[in-house]
Amino acid sequence: MTGPRPQLYWISGSPPAWRVMLALTLKGIAFENRQLDHGAGENRAPEYLKLNPKGQVPTLVIGDLVIRESIAILAWLDRAYTQRPIWSATKDDAAQVWQDVMEMEAVIRAPVTATAQALLRGTSHDPTNLASLADACDEYASRLAHQPFLGGDSAMASDIWLYPALHWIARGTALAGPKAPEICTSLTSSRPALADWMDRFRAVPGVADTYPPHWRT
Ligand SMILES: N[C@@H](CCC(=O)N[C@@H](CS)C(=O)NCC(=O)O)C(=O)O
């Protein structure tokens, strides 16, 4: 696609924003970096609230077009930039990717968020969330034992959804230290197919560079 270069508004460590950065990277789309400083309240600044009234990231701006919601952005990117599909090349495979992404949003987004926040804040864990997370990881690991990515031979939107989510849990687990529940400390180590998938995804050109900058320290 020719036209204005997309501008990505993001905050370091935001899984939804990281999804968009991964999609841009996999598709090889050059973008303008509009990183916001959450601590300084830049996502609540009046100019940003005009783009995203909730003060959330990601927001993608392309000329006069403003898109919020990470999944909507991923879907738009795949229509606007047809190279390297992230919703698969065929309609039947795309249905599987959509199904996975919608199930991730509906079923595991809440347990992932609650678990990561409990780890980062040092608050108590809801065992139901931990069990849901473990069940989901069991299912993904069993699929990844037979194929390189959830989306098949290459990373699709479902992989793009899961990768930042599991890194968020891993980051919280590392910071929580001994207080982290065993389900979190062994989330990938007890599931080799999931650990291999994380390594495989990280090895895709450009992906390692998208790791949240403030998590590197
Ligand atoms: N459903 C939205 C979720 C966006 C979201 O929750 N963003 C969070 C970061 S993970 C945010 O911007 N938080 C900043 C704030 O609310 O101050 C999406 O997928 O884009």
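I started with Arg-44: one of its polar side-chain atoms lies 2.8 Å from an oxygen atom of the ligand. I count a polar contact as a pair of N or O atoms within 3.5 Å. This is a predicted model, where local features need pLDDT of at least 70, side-chain atom pairs count only at pLDDT 80 or more, and totals for chains, interfaces and linings use all residues. Residues are numbered from 1 along each chain as its sequence is written, and side-chain values use heavy atoms, leaving out hydrogens and water.

Next I looked up Asn-43, which has a polar side-chain atom 3.0 Å from a ligand oxygen atom. For Glu-69, I found a polar side-chain atom 2.7 Å from a nitrogen atom of the ligand. Taken alone, the ligand exposes 510 Å², and the protein buries 74% of that (Shrake-Rupley method, 1.4 Å probe).

Then I turned to the largest pocket, which holds about 1000 Å³ of space. A pocket here is an open set of points on a 1 Å grid over the protein atoms alone, where a 1.4 Å probe fits, with protein on both sides within 12 Å along at least five of seven lines; lining residues have an atom within 4 Å of a point. The volume is the space filled by probe spheres set on the points.

Of its 35 lining residues, Ser-14, Pro-15, Pro-16, Val-57 and Trp-168 are the closest to the centre of the largest pocket. Which helix gives the most to this lining? I noted H4, with seven residues (helices are DSSP runs of H or I, at least four residues, numbered from the N terminus).

Conventions: Helices (H or I, at least four residues) and strands (E, at least two) are DSSP runs, numbered from the N terminus. A polar contact is a pair of N or O atoms within 3.5 Å; within protein, one must be able to donate a hydrogen and the other to accept it, and residues adjacent in sequence count only if both atoms are side-chain atoms.
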